[in-house]
Amino acid sequence: MSTRGINTAAVRALHDERIDWRFKGMPSDAFGSTVGEFLAQRPKLHEAGFVGPLLVLDDAALRHNLQTMADWCAQHGLQLAPHGKTTMAPQLFELQLANGSWGITAANLSQLRVYRAFGVERIMLANQLLDASGLAWLADELDAHPEFEFSCFVDSVRGAQLMAEALARHGASRQVDVLVELGSDGARTGARTIAEAREIADLVLENPMLRLVGVGGYEGALGHDISEQSLSAVDGYMRRLRELVAELAEAGHFSGLDEVIVTCGGSAYFDQVAEAFTEPWPAGLPVVPVLRSGGYLLHDDGFYRVRSPFGREHRLTGEERPFHPAMRVWAQVTSRPEEGLALLTMGRRDVSFDQDLPEPQVIRGADGEIRELAAGSCEVTSLADQHAFLTVRGADLQIGDWIGFGLSHPCTVFDKWTLIPVVDGDTVIDLVRTFF
């Protein structure tokens with residue numbers, strides 16, 4: 001059975017998986033129980049025997065972020081195909097689809113196969129798919145499932161040719177929908193000029209294995225901060241993307257299509273993408289504007305807290321509600337070897353460190369009470385594989401205390417965890433399974 005574009009029965013079946021030693025942080029008393037049996041006990045996070053370090057998700061923050069983004073997209077007339085690579089969690093995909101997401105975005109073939117294992121019906125691959133065996137699998141999947149809607153990018157004549165040749169060799173019966181990808185000098189993939197993009201579109205139109213359905217790109221690689229220079233670069237790129245759409249439309253490349261997909265939008269500059277997407281398109285062109293933001297669901301206490309449009313006060317309106325950070329890692333103070341230093345049971349194998357280091361926020365001492373840490377009273381200064389180095393400047397930390405940390409950049413947190421508690425207060429209400 002499939003509801004809102006995903007196989008809900010397959011998602012529910014994740015509660016039948018048995019908890020054991022494979023899942024770090026889980027209570028040993030839960031070993032042998034299914035996820036569903038364990039959750040039926042209404043376990044308490046700080047009483048059920050979870051071991052640290054432990055990543056947890058806040059249910060209220062997740063639901064707030066889901067609703068905030070859904071409302072914002074609806075107000076701006078945009079569709080959302082969140083990038084699933086952020087979480088690789090079908091339970092969270094289901095929540096996103098249930099809250100109005102148009103589809104789910106993937107970055108590579110392995111992710112695509114995970115999505116299809118859970119019956120995701122509309123998938124956008126925001127890259128070229130050139131692997132012959134992967135294209136053969138895709139062709140079979142499309143043939144076997146008429147309801148499956150797939151599209152991917154093409155950014156070169158050679159890439160389009162390789163795709164078409166592999167599909168023809170395999171005897172694919174359905175065309176593969178493609179979007180010409182426009183890039184920018186010094187950025188990531190994508191045709192560097194509008195002329196190159198036009199040439200790719202011309203080739204696609206001539207090939208019976210492929211169907212041109214729109215234009216795609218990614219603006220996030222053009223800006224690394226929220227400086228005027230970065231914001232201006234993003235605006236300039238969006239103007240070029242619109243120019244490409246208009247040129248292809250004028251040349252008749254989208255004739256006969258009921259929908260023309262135009263897609264962009266990471267998690268840092270989606271407001272500027274929305275501004276470009278909501279300007280008038282050529283008369284009669286049935287544009288479906290699709291954002292691919294994925295970080296909004298979890299938000300963070302670092303990278304996106306600063307860069308997200310909802311975190312930039314000068315760009316907020318009174319109607320927009322900021323996202324809430326939904327991730328926290330708990331780690332225990334294991335050593336106080338010298339004055340001003342604490343070592344904790346958390347390292348690079350557990351948390352992100354590619355953008356910002358974890359932020360100490362709360363402490364749970366021997367009395368079990370959770371208290372906020374004063375700003376600046378301690379700071380993570382470095383991470384080893386399994387240890388965090390915490391510089392202490394006034395916080396009263398004892399060996400055995402637990403510290404709750406805010407995290408930055410959810411993409412490089414989730415890939416370190418396979419089963420993640422979702423909490424309502426101190427009660428664990430779900431365990432989210434990931435597939436990286």
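Hi everyone. Let me begin with a definition: a residue is buried under 20% relative accessible area, exposed over 50%, and partly exposed in between, using a 1.4 Å probe and protein chains only. What we have here is a predicted model, where local features need pLDDT of at least 70, side-chain atom pairs count only at pLDDT 80 or more, and totals for chains, interfaces and linings use all residues. Residues are numbered from 1 along each chain as its sequence is written, and side-chain values use heavy atoms, with hydrogens and water left out.

Let's start with two helices. Helices (H or I, at least four residues) and strands (E, at least two) are DSSP runs, numbered from the N terminus. Helix H9, residues 228-250, packs with helix H10, residues 270-277, at an angle of about 35°, and their axes are 10 Å apart. Those axes are lines fitted to C-alpha atoms, for helices over the stretch in contact, and the angles run from 0 to 180 degrees between N-to-C directions.

Who makes the contact, meaning heavy atoms within 4.5 Å? On the H9 side they are Leu231, Val234, Asp235, Met238, Leu241 and Arg242, and H10 brings Gln272, Val273, Ala276 and Phe277.

Now stay with H10 for a moment. Because 7 of its 8 residues are buried, H10 is largely enclosed by the rest of the structure. The buried residues of H10 pack against helix H3 (59-76), H9, strand S8 (260-264) and strand S9 (287-291).

That brings us to charges. Side chains of opposite charge can pair when their charged atoms come close. We call it a salt bridge when a side-chain nitrogen of Lys or Arg is within 4 Å of a carboxyl oxygen of Asp or Glu, and the structure holds 19 of them.

In helix H3, Asp59 and Arg63 sit 4 residues apart, about one turn of the helix. They form a salt bridge, with the closest N and O atoms 3.1 Å apart. Asp59, at 15% relative accessibility, counts as buried, whereas Arg63, at 44%, counts as partly exposed.

Next, which residue pairs with Arg433 in a salt bridge? The partner is Glu17, and the closest N and O atoms are 2.9 Å apart. This pair links distant parts of the chain, with Arg433 in strand S18 and Glu17 in the loop between helix H1 and helix H2, 416 residues apart. Both belong to a network of salt bridges that also includes Asp20 and Arg22.

Last one: Asp385 pairs with Arg348 at 3.2 Å between the closest N and O atoms. Arg348 counts as partly exposed, at 32% relative accessibility.

How values were computed. Contact means heavy atoms within 4.5 Å.
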